[in-house]
Amino acid sequence: MTENKGESDAVGGATPAGPRPEAIRFFGATWVDHDGGYALRRVGAGIGALVAAVAACFVLRFAYEGLQLANTGSFVNVLVVVMFAICSAMAFRKTWEGFSTRPADPDADRSLQGLKAIGFIGSLLAYCARTFVEAPGESLHRKEYEAALAQWTRRKNNPATRKRPKRK
């Protein structure tokens, strides 16, 4: 959350004082008032994630067929399928949770990046499914933005923080 003290921006107009909402990828700050093509962006992001997941499934299918052509054996083939299924399920769950809460331990979340990379299809499906409800991460960002706005309003209305004119 960034805070603006009421300075004028490069365009020349004065920006409103107070905290500014954090931008969400593909949505910018349109999630605040659901304007600027918000609904169209949600539909586009959902379709894009679904198309990417389907394309990824075709790529994995070709990789699986390559394993079959290499005669690696049924154990390796089953192991690869089970690995991608488990990693996709875990990536789906972690991605879905990430839309509503910040990770309690960022280092542990960073250590799961490899798992999310392997289960990228699950992450794409979680992103697609979340666009049916809201912009992915909107509820988390809205909660944080409203808390920052309430804190800024309390601080702004506090008479102890007002600047008093200097005595001469």
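Begin with the largest pocket of this predicted model, which holds about 740 Å³ of space. To find its middle, select Thr95, Gly98, Phe99, Lys116 and Tyr127, which lie nearest the centre among the 28 residues of the lining. If you then colour by helix, you will see that helix 1 (38-69), helix 2, helix 3 (106-111), helix 5 (120-130) and helix 6 (138-156) each supply at least two residues of that lining, with the largest share, 5 residues, coming from helix 1. Colouring by residue class instead divides the lining of this pocket into 14 nonpolar, 8 polar and 6 charged residues.

Now step back to the whole chain in cartoon view. The protein has 6 helices and 2 strands, and their order along the sequence is β-β-α-α-α-α-α-α. Of its 168 residues, 24% count as buried, while the exposed surface comes to about 11400 Å², with carbon and sulfur atoms supplying 63% of it. Among contacts with a separation of 6 or more, residues 24 or more positions apart account for 65%.

Next, go to the second largest pocket, where about 160 Å³ of space is found. Select Leu60, Ala63, Tyr64, Leu67, Val80, Val81, Phe84, Ala85, Ser88 and Ile121, which together line it. Which helix gives the most to this lining? Helix 2 does, with 5 residues, and both helix 1 and helix 2 supply at least two. By class, the lining of this second largest pocket has 9 nonpolar residues, 1 polar residue and no charged residues.

Stay with helix 2 and select Asn77, which lies in that helix (residues 74-98). Is Asn77 buried or exposed? Asn77 counts as buried because its relative accessibility is 9%, and the cut-off for buried is under 20%. Showing its surroundings, and leaving aside neighbours within four places in sequence, you will find Asn77 in contact with Tyr64, Leu67, Gln68 and Thr72. Of these contact partners, Tyr64 and Leu67 also belong to the lining of the second largest pocket.

The next selection is the largest nonpolar core, a set of 12 residues made up of Ile24, Phe27, Trp31, Val32, Tyr38, Ala45, Ala49, Phe99, Tyr127, Cys128, Ala135 and Tyr145. Helix 1 and helix 5 are the elements that give two or more residues to this core, and helix 1 gives the most, with 3 residues. As background, nonpolar side chains tend to be buried together in soluble globular proteins.

Apart from neighbours within four places in sequence, Phe27 is in contact with Tyr38, Arg41, Arg42, Ala45, Tyr127, Ala135 and Pro136. Then move to Phe26, in the loop between strand 2 (18-20) and helix 1. Phe26 has a phi near 75 degrees, a positive value in a residue other than glycine, and it is exposed because its relative accessible area is 57%, where the cut-off for exposed is over 50%.

Another positive phi is found at Asn71, where the angle is near 55 degrees in a residue that is likewise not glycine. Asn71 sits in the loop between helix 1 and helix 2, and its relative accessible area of 68% makes it exposed.

For the last stop, select the buried residues of helix 5, namely Ile121, Gly122, Ser123, Ala126, Tyr127, Cys128 and Arg130. These buried residues pack against helix 1, helix 2, helix 4 (113-118) and helix 6. The C-alpha atoms of Ala55 and Ile121 are 9.6 Å apart in space, although the two residues are 66 residues apart in sequence.

Conventions:
Residues are numbered from 1 along each chain as its sequence is written. This is a predicted model: local features need pLDDT of at least 70, side-chain atom pairs count only at pLDDT 80 or more; totals for chains, interfaces and linings use all residues. Side-chain values use heavy atoms; hydrogens and water are left out. Helices (H or I, at least four residues) and strands (E, at least two) are DSSP runs, numbered from the N terminus. Buried means under 20% relative accessible area, exposed over 50%, partly exposed in between (1.4 Å probe, protein chains only). Contact means heavy atoms within 4.5 Å. On a 1 Å grid over the protein atoms alone, a cavity is a set of points where a 1.4 Å probe fits but cannot get out, and a pocket is an open set with protein on both sides within 12 Å along at least five of seven lines; lining residues have an atom within 4 Å of a point. Grid points are joined across faces, edges and corners, and a volume is the space filled by probe spheres set on the points. Ala, Val, Leu, Ile, Met, Phe, Trp, Tyr, Cys and Pro count as nonpolar, Asp, Glu, Lys and Arg as charged, and the others, Gly among them, as polar. Accessible areas come from the Shrake-Rupley method with a 1.4 Å probe; for residues, only the protein chains shown count as cover. A nonpolar core is a set of buried Ala, Val, Leu, Ile, Met, Phe, Trp, Tyr and Cys residues joined through side-chain atoms within 4.5 Å.
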